[in-house]
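Student: Please take one part of this model and go through it closely. After that, I would like to see how it sits within its chain and what the rest of the assembly looks like.

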Amino acid sequence: MFEHILLGLHNLFTFQNLLLVIAGTVAGMIVGALPGLTATMAVALLVPFTYTMSAIGGLVTLGAIYMGCIYGGAFSAILINTPGTPSSIGTTFDGYPMARQGRGEEAIIAATVGSCIGGLFGVVCLIFLSPPLADIALKFGPAEYFWVGVFGITIISSLSAGAFLKGITGAAFGILISTIGIAPIGGDVRFTFGMPAMQGGVELIVILIGLFCIPELLNLVTQGESQSERVEYKRARGVLGKTTRHVLSMPGNLIRSSIIGTVVGILPGAGGNIANLVSYNEAKRASKTPEKFGTGIIDGVVATETANNAVVGGGMIPLVTLGIPGAPPDAIIYGVLMLQGLRPGPELFSERADITYTFMLAVGLSAIVMVPVGIYGGRLLSRFVATLSTRYLVPGIAILTMVGSYAIRNNFLDVILMLVFGVIGFGIRRLGFTAPPIVLGLILGPLMETGLVQAYLSGKAYASPWFALFVNPISWVLIAMSLFSFLWPYFGAFRGRLKVNGGSQTSTQ
Amino acid sequence: MKKTAIGCIVLFALLAVVWAGGASAAGYPNKPLNYIICFNPGGESDITARFQEQPLKKYFGQDVVISYKIGGGGSVGWAEMLRSKPDGYTISGHNLPHIILQPLERGNAGYNTLDLKNIYIFESTPDLLVVRQDSPFKTLKDFIDYVKKQPPGVVTVGGSGSSTANDLGTTMLEKAAKIKVTYIPFGGSGSAVPALLGSHVTALMTYSTMGVQYAGKFRPLAIASEERMAVLKDVPTFKELGYDVVEGAYRGVAAPSGTPDEIVKHLAGVFEKVMKDPEVQKKMDQNGFKTEYMGPEASLALVKKKMVEYEAIMRALGRIKK
Amino acid sequence: MGATFRDRLGSLIMLAFIVVLWVQRDYTTPFGGIFPDRIMIIMAAFIVMTLILSFTPYRVMKEGDEKQEPETEGKRWLEMTVVIAIMLLWVLLLRYAGFALTGVVGFGSIAWYISGERKNWRMIVKAVALGLVITYLIVFIFGYLLQVPLPQGEIFD
């Protein structure tokens, strides 16, 4: 294997390939930063450009674009509270508060370092651990995916900071929205309000933009010209070194988030978008100061960005070993592999090892390239956004929301829906329903439904079809994890009450 | 500041004129072709389109832009395509049986089967029944005997989607062999593969392409075509084994219903050349696709024939929505 | 808005949502309803719980959480409504007038409206000019470089 790696490195460090990695990473970052353009779209859009290149060149470019895109999503998440890609939803939780406090640059640096480390971790797993990890992924069947979805939902108990009932109601709301359209099993047409155009369902990005961006946009409007609310952008010296050292001083967070990202990436049905949310939740749980999460603590940004970049490498593991894409952009890369006549499987690692290893190393390299580009560009960008007067920021964001929600499916209905959900989101926020649980429900709904119904269908062999959900040992592990995750905040509060006598602490019980 | 503003306005006006003007005049084709794929990237429709993209550009003479309009099992893309201008610059991939079954089963799928003007049907992927390489079933007979011994519905067969060729193929096999299995729909041929590899389902009714791709891991038991496929020459057809099951997905391209016939014929000619291109043929064969060469009339005839066939089957199953 | 009022209003709105979906149920296969029905029932249960709790001293949402939302006086409501109205008009006209035109007008009008210096013609020019530049940039990057089709506008066809 090591001679393959050396060969890969040798192929990678040619002028052309290096240029492609850099160009791809930068292009990916820009696309990722634009709300409404997802990594999947970016990779799909840029496939035709790769036709004129060799197999290696094309794959290297696409891999770099993918990695850059996932990282780029952090920029808009931090600066305008709109995740540039769904994989950066969690980055808004702490990244945006940091930006509002004038610490936007710090957030971007943290996101950069985290993304680099997570990305490298994912690629290392890809190179060294692909076959065994892929086999574990296969053991996850429909029932297991259902419980993975349930586990994801339990994150709400810590996300909604005590307003659990509102959070779970919001999640259910999101789940129901995700059922609009054609049922994944059986093909029933559901809840389309009589409009065939709704048969395509509600697209995640559209809701993301609506729920995250529009309410903040409206808040910016209310601040109007009175800049008093907008903190002066602090151009502190030595922020780069200080923040980097701070990030590197939390190895637990970094490693745990990387592992979560890689694991979520490996599971083909899970998609990459939940990685950042699970990682955020785990970071909060492991932290000594969980109450600070959501107010602008750097750990939050590190957790989400590290995890989502680890998904890149992780998602490629089932792709190259089994030909099964771990995350949607991998499906496109799969198409390109087919086009080049590269059959996923052991053949890729032996006869075509030169291409494969070069590709994997290129993805890793792009994780490193992101750092200088991101820090320099991020600095400029965050200064620009922070000092831009709201009178131009608001329409600027508005026009981006229009483009973003249209670009995803070329559907005018999406743009209307974006606005509708924006207004709804703004309204229900005041009633206690925040965006994250809703979006979580939206992402996990299809996962849970497919798993549940497929498991139910497989269950004819048992006394009740529902038993199929409980037969596999992996299911038991997931159920236990879900219960644990759900009850944890209450344990915490319970222990808090035991420790602090006199009850000076407000508890959630 | 004012000068900049005026400068911008002038520049913009100039550009607008240039943009608008470019599209008029000249003969067909003088604009890029918009090729809409209605399914997920990485699926059969997408892969075929990627194979076709370069030769298409060559034979069509203009750029080809592949875009995705995913949703509703294809219905969203088809409905959108039907709403676009019938000027021959917007086409979309279309699939049988989807375009026939969806309006039947949903009542209102956003389009009608015959609204899609068939340009060409260029490939088919016959259904393929596969089990794992290490499964105890070595032949179709083994499998059917096993199913008959189990209570009805216990044996699970996975496939891609509901109301698709996989779904229909399974139903037809059940009828022909007088067995009852449970069909488990997955969100695409790709999603069904881990289910079989991980033994979460007993068998898959998938497409011939999967049999080729996972040759080392899957054992195909039978193929639902009239004759054996060259690339899967050891796989007997259902018909050979005594079961009249011929089913598969047909893929082609279609245009909005008002598109002029000459343009449709021109496009059909282009696609014919593309499919006869040796590079394309090689890729199709290698990957398990069966190339078809059906022009506008032949494909329309096929659609009509299948409409009658499927309506009968669906009516018998009670799956038609009023 | 007091916290109890918030809880009750929120619950009622969510309940209304469930009803809107419930009456649309029209499953033709046995599988379509397995999941949504159960979710709707579970959600309704949580809503009822919230409603009941709103009549007890237990607070679902802490009073302090409201600080997160900036307080808005009447004037600000008006401004927000106008911006939303502009965007709504923008969205509706997008299909017919195309992105380029609506982009310039939309950007320009929001920028002009928020600025507060509405009588100032210099402001209007600045807003429109910037709108032109931004819109052109977007059309160039998305429409031309990335080949993402932007609405051309049906009246121009």
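Tutor: Strand β3 (residues 90-96) of chain B is joined to β9(B) by five bridges, and the two run antiparallel. Strands here are DSSP runs of type E with at least two residues, and helices are runs of H or I with at least four, both numbered from the N terminus. Two strands count as paired if DSSP finds at least two bridges between them. This is a predicted model, in which local features need pLDDT of at least 70 and side-chain atom pairs count only at pLDDT 80 or more, while totals for chains, interfaces and linings use all residues. Residues are numbered from 1 along each chain as its sequence is written, and chains are lettered from A and ligands numbered from 1 in the order in which they are written.

Strand β9 itself covers residues 248-255 of chain B, and eight of its eight residues are buried. A residue is buried if 20 or more other C-beta atoms, placed from the backbone, lie within 10 Å of its own, exposed if 12 or fewer do, and partly exposed in between.

Between them, 20 residues of domain 1 are in contact with 21 residues of domain 2, where contact means C-beta atoms, placed from the backbone, within 7 Å. On the domain 1 side, the elements giving two or more residues are α4 (98-106), β4, β9 and α10 (278-287) of chain B. α4(B) gives the most to that side, with four residues. That side divides into six nonpolar, nine polar and five charged residues. Nonpolar covers Ala, Val, Leu, Ile, Met, Phe, Trp, Tyr, Cys and Pro, charged covers Asp, Glu, Lys and Arg, and the others, Gly among them, are polar.

Leu56(B) lies in helix α2 (residues 44-60) and is buried, with 25 other C-beta atoms within 10 Å. Leaving aside neighbours within four places in sequence, Leu56(B) is in contact with Val64(B), Val270(B) and Val274(B). The C-alpha atoms of Leu56(B) and Leu33(B), 23 residues apart along the chain, are separated by 9.5 Å.

The other helix is α6 (residues 165-177) of chain B. Its 13 residues should span 18 Å at 1.5 Å a residue, and its end C-alpha atoms are 18 Å apart, which agrees; the expected span is 1.5 Å times one less than the number of residues. Because 10 of the 13 residues of α6(B) are buried, the helix is largely enclosed by the rest of the structure. Among the buried residues are Leu168(B), Met172(B) and Leu173(B). Just after α6(B), Lys178(B) takes a positive phi of about 55°.

Taken whole, chain B has 11 helices and 10 strands. Of its 322 residues, 53% count as buried. Its C-alpha atoms fill a box of roughly 85 × 45 × 45 Å along the principal axes. Of the contacts in chain B with a separation of 6 or more, 77% are between residues 24 or more positions apart.

In chain C, the assignment gives domain 1 (3-68) and domain 2 (74-156), whose C-alpha centres are separated by 37 Å.

Key
Domains from an automatic or database assignment. Contact = placed C-beta atoms within 7 Å.
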